[in-house]
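Please look over the chain below. A short briefing on selected sites follows it.

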Amino acid sequence: MATQTLREEVTSLLQELIRLDTVNPPGNETVAAELLRDYLEPLGIECQLYSRVPDRANLVARLRGRGDGLRLLLLSHTDTVLADPAEWTVDPWSGELRDGQVWGRGALDMKGQVAASAVAMASLAREGFEPRGDVIFAATADEEVGEDPDFGLAWLCREHPDAVQAEFAINEGAGDRVEVGGKVFYLCATAEKMSSPFVLRVHGRSGHASLPSIADNALVRAAGYIERLAAYRPEPTLIPEVEAFLATVLGRVPPAAEALDAARTLDPAAATMIEALLSLTLSPTMITASHKRNVIPALTEVTVDCRLLPGQTQAEAERLLRDWLGEGDYDIVWRPGQGGTHSTMQGPLWDAAESFIADVEPGARVAPICVAGFTDSHWLREFGTVAYGFFPARMDPDLAARLVHSADERTDVDDLELGVRWLRHAALAIGS
Ligand SMILES: [Zn+2]
């Protein structure tokens, strides 16, 4: 049976990928790029490695289209976070197959989708599928770190934009099957918040620590601001993605101020999904003050992990923050923001997701979601690609969330097969 073959093929390709250690840093993704190239190239798929340094290659594979249609990019990354074998039940680089699951670092994030994308491409090529526009598979380096100097998709978009430019892209970010209010939904990430950290610099006056009253301790002052930041509850607003999510799961769009309660009444899980999407969020995470025990600091710097809504600007956020913190001897110093992009929730790729889910689980629906973190999708959206985080998976989403970046990461073979079917469906829907 053909599906049986694809199931076995994606399982063994994932096992091989897991056995290649691509922990970032240092990455060493070239071994994965070469493995994928050697698998795809004999099938007539054009393969090219792009690398800033020899050990950190990105693979771009292309099923050349007739040139009269829209292009689809299957995006994934081959690097992983580290793994401490002492915490694991199995060797994290064993790729062991056990009870219908493949175990190992990267199984979920995201070598499973790498393997599924490659097998979808391979099977289409074997069948002689000639898409109207190119179907492109990019297996990129350096997603998990991606700082300057970077080696992955951001670099590729800067240096070789033609290699990855496409009208549509499918990436990681969502796809989980959730039950809300007794109905089944598959989440499709169409937007991302903007990671926009800032440093709150609180000023005082230094002095000797043995005479506290002659100084003005910036650390003590900062304590008040930190509590104030932690207590901030901005007025909720409904971004289009949350409106569409509520319309899908609730059947109506309540006013912003009632959205959280309405979602909670339907299902606490729905409230958890939208809570961080109703406003900017603030998490103070780092602090520096005096570097000497006996010197009262004149300056304290509090680093705040701040996530803005898509479309919200730092200037807007700063006005809100200053209103909340009030007058005082402090500065807000913004760090460069990343992400905060979104894609339309309509069109051929959206339709493909809906028709696929209708096919594999009648009665289930696709619900759009904004992700609170960010992925490589924003690099693509910045040049106009409609990019979705959508890799349908039926593993319990709470379990999956606990396993990503953690011990005993594993994926269901059933989900790998479902993923191959989805990616084939999308390529056929866009390219036929
Ligand atoms: Zn990832």
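Predicted model: local features only at pLDDT ≥ 70, side-chain atom pairs only at ≥ 80, totals over all residues.

Residues are numbered from 1 along each chain as its sequence is written, and side-chain values use heavy atoms, with hydrogens and water left out.

- His-77 sits in strand β3 (residues 72-77) and Asp-109 in helix α3 (residues 107-126). The two are 32 residues apart, so the pair links distant parts of the chain. Helices (H or I, at least four residues) and strands (E, at least two) are DSSP runs, numbered from the N terminus.
- Both His-77 and Asp-109 are buried. Buried means under 20% relative accessible area, exposed over 50%, and partly exposed in between (1.4 Å probe, protein chains only).

**Helix α7 and its neighbours**

- Helix α7 spans residues 240-250. Its buried residues include Glu-241, Val-242, Phe-245 and Val-249.
- The buried residues of α7 pack against β8 (177-180), β9 (183-192), α8 (256-266), α9 (268-275) and β18 (365-371). Contact means heavy atoms within 4.5 Å.
- Gly-251 follows α7 and has a positive phi, near 85°.
- The axes of α7 and α9 come within 11 Å and cross at roughly 170°. Axes are lines fitted to C-alpha atoms, for helices over the stretch in contact, and angles run from 0 to 180 degrees between N-to-C directions.
- α7 and α9 are therefore roughly antiparallel to each other. Angles under 35 degrees count as roughly parallel, over 145 as roughly antiparallel, 65 to 115 as roughly perpendicular and the rest as oblique.
- Val-242, Phe-245 and Leu-246 of α7 meet Ala-270, Met-273 and Ile-274 of α9.
- The residues of this α7 and α9 contact are six nonpolar, no polar and no charged. Ala, Val, Leu, Ile, Met, Phe, Trp, Tyr, Cys and Pro count as nonpolar, Asp, Glu, Lys and Arg as charged, and the others, Gly among them, as polar.

**Helices α8 and α9**

- The axes of α8 and α9 come within 5 Å and cross at roughly 145°.
- On the α8 side, the contact uses Ala-259, Leu-260, Ala-263 and Arg-264. On the α9 side, it uses Pro-268, Ala-270, Ala-271, Ile-274 and Glu-275.
- The residues of the α8 and α9 contact divide into seven nonpolar, no polar and two charged.

**Backbone geometry**

- Asn-24 and Pro-25 are joined by a cis peptide bond, with omega near -5°. Pro-25 is in the loop between α1 (2-19) and α2 (30-40).
- The peptide bond from Asp-109 to Met-110 is also cis, with omega about -15°.
- His-405 is not a glycine, yet its phi is positive, about 65°. His-405 is in the loop between α13 (397-403) and β20 (410-412) and is partly exposed, at 42% relative accessible area.
- Asp-408 is not a glycine either, and its phi is positive at about 60°. Asp-408 is in the loop between α13 and β20 and is buried, at 15%.

**Two loop residues**

- Ala-372 lies in the loop between β18 and α12 (377-381). Ala-372 is partly exposed, with a relative accessible area of 36%.
- Ala-372 and Ala-276 are 96 residues apart along the chain, with their C-alpha atoms separated by 6.7 Å.
- Not counting residues up to four places away in sequence, Ala-372 touches Lys-193, Ala-276, Leu-277 and Arg-307.
- Ala-393 is in the loop between β19 (386-389) and α13. From Ala-393 to Val-295 is 98 residues in sequence and 55 Å in space, C-alpha to C-alpha.
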